[in-house]
Amino acid sequence: MNYIVISPYYPQNFQQFTVELANKGITVLGIGQEPYDQLDQPLKNALTEYFRVENLENLDEVKRAVAFLFYKHGPIDRIESHNEYWLNQDAQLREQFNVTGPKPKDLKKTKFKSEMKKLFKRAGVPVVPGQIVKTLQAVDMAISKIGLPMIAKPDNGVGAAGTYKLETTEDVEQFKQEWDKQTVYFFEKFVDSGQICTFDGLLDSKGNIVFSTTFDYAYTPLDLVLNHYENSYYIIKDMEPKLRQYGEAIVKVFGMKERFFHIEFFRNGNDYIAIEYNNRPAGAFTIDLYNFAHSIDLYRGYAAIVNGEPFPQSQVETQYGLVTARRSTSNYVYSEEELREKYGDKLKAVKIMPQAFADLQGDIHYILTTPNRSEVDQMIEDFGKK
């Protein structure tokens, strides 16, 4: 099997995907823009060949790289990055070279919030009223139909980028002035809930869920943008049955295969409201968090799925798992050394956030596990106290 990894070097923790695929005897071919000498040695060892391009965003250049690797190594079986930024390009490359996996037409339902909402409804999962906005007149129509407060997001966008909270007519006027009138927006009713949780997991080649989990955000992504909080989120040991029911129904309707998924919900009393479906694993160091909390290796598990093998299930009880961040510019009450001493082997890893995401999510991420829910709150307080 020939497997092309797009951007094998970045993000750094995703290098382990390449290593584990190679461990299965799969021929892994990399296309990236970093010089070969910059690659970490385990990554170099895992790659059969690395093709450096000047600009990974230049689709024609990347296509030529794929064509060369096809010519040299034979038909390509997979093309994947697992990275939101490259999902559309991955799909275009698969279509061009007739490779298994989502094509551009398959991504519409996972890229546009308006399309996601249609599928959430089809799955029988609660959503809030929403409307596409392309013109100033449509803004006024949405205000009239849905009513304030509302959230305005790019219909095709990632995370909280470009998001506005519209509570007053002044907010609406500010949006109208700042909007470039080119970006299509999706307006939806604001949900008065500070609780966002997820249904995340991995699908096999037939679309069956082989791994699933859930985590809660300590702060919503919008709060991180507006208030510059330190990012914290934590794995819940026991998933609520209704969340699992909704998540499984959504996965079935979206119909993806051999992929990670990351679905976000508002917790609304005893119910849930679907927010968005992401056709990839959750970002930053979340896969590492899954692995520590569930005593599992999802890099290896994914490689097994690709290689047609059963997914290796964990035999160890799940723990609560926490990622909590710190900023290099903040002055904290407890030093890292004091926290290491307090939490001992519960502190599993310390990760440096790439600069591109540090402003939003914090510079240093700490991964911890504990069997007790109350200790999660204590950990967040201890690491975040200034």
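How much space lies in the largest cavity? About 80 Å³ of space lies there, in a predicted model.

## Basis of the values

Because the model is predicted, local features need pLDDT of at least 70 and side-chain atom pairs count only at pLDDT 80 or more, while totals for chains, interfaces and linings use all residues. Residues are numbered from 1 along each chain as its sequence is written, and side-chain values use heavy atoms, with hydrogens and water left out.

## Largest cavity

The structure holds five cavities of 30 Å³ or more, where a cavity is a set of points, on a 1 Å grid over the protein atoms alone, at which a 1.4 Å probe fits but cannot get out. A volume is the space filled by probe spheres set on the points, which are joined across faces, edges and corners.

The largest cavity is lined by 15 residues, and nearest its centre lie Val5, Phe14, Phe17, Ser81 and His82; lining residues have an atom within 4 Å of a point. Strand S1 (2-6) and helix H1 (15-23) each supply at least two residues of this lining, helices (H or I, at least four residues) and strands (E, at least two) being DSSP runs numbered from the N terminus. By class, the lining has 10 nonpolar, four polar and one charged residues, with Ala, Val, Leu, Ile, Met, Phe, Trp, Tyr, Cys and Pro counted as nonpolar, Asp, Glu, Lys and Arg as charged, and the others, Gly among them, as polar.

## Second largest pocket

The second largest pocket has a volume of about 240 Å³, a pocket being an open set with protein on both sides within 12 Å along at least five of seven lines. Of its 16 lining residues, Thr100, Gly101, Pro102, Lys257 and Arg259 are the closest to its centre. Strand S4 (78-80) and helix H5 (104-111) are the elements that give two or more residues to this lining, and S4 gives the most, with three. The lining divides into four nonpolar, four polar and eight charged residues.

## Backbone geometry

A cis peptide bond with omega of about 0° joins tyrosine 10 and proline 11, and proline 11 is placed in the loop between S1 and H1. The bond from leucine 148 to proline 149 is also cis, with omega near 0°, and proline 149 is in the loop between H7 and strand S6 (150-154).

Glutamate 258, although not a glycine, has a positive phi of about 50°, and this residue lies in the loop between helix H10 (241-254) and strand S13 (260-268).
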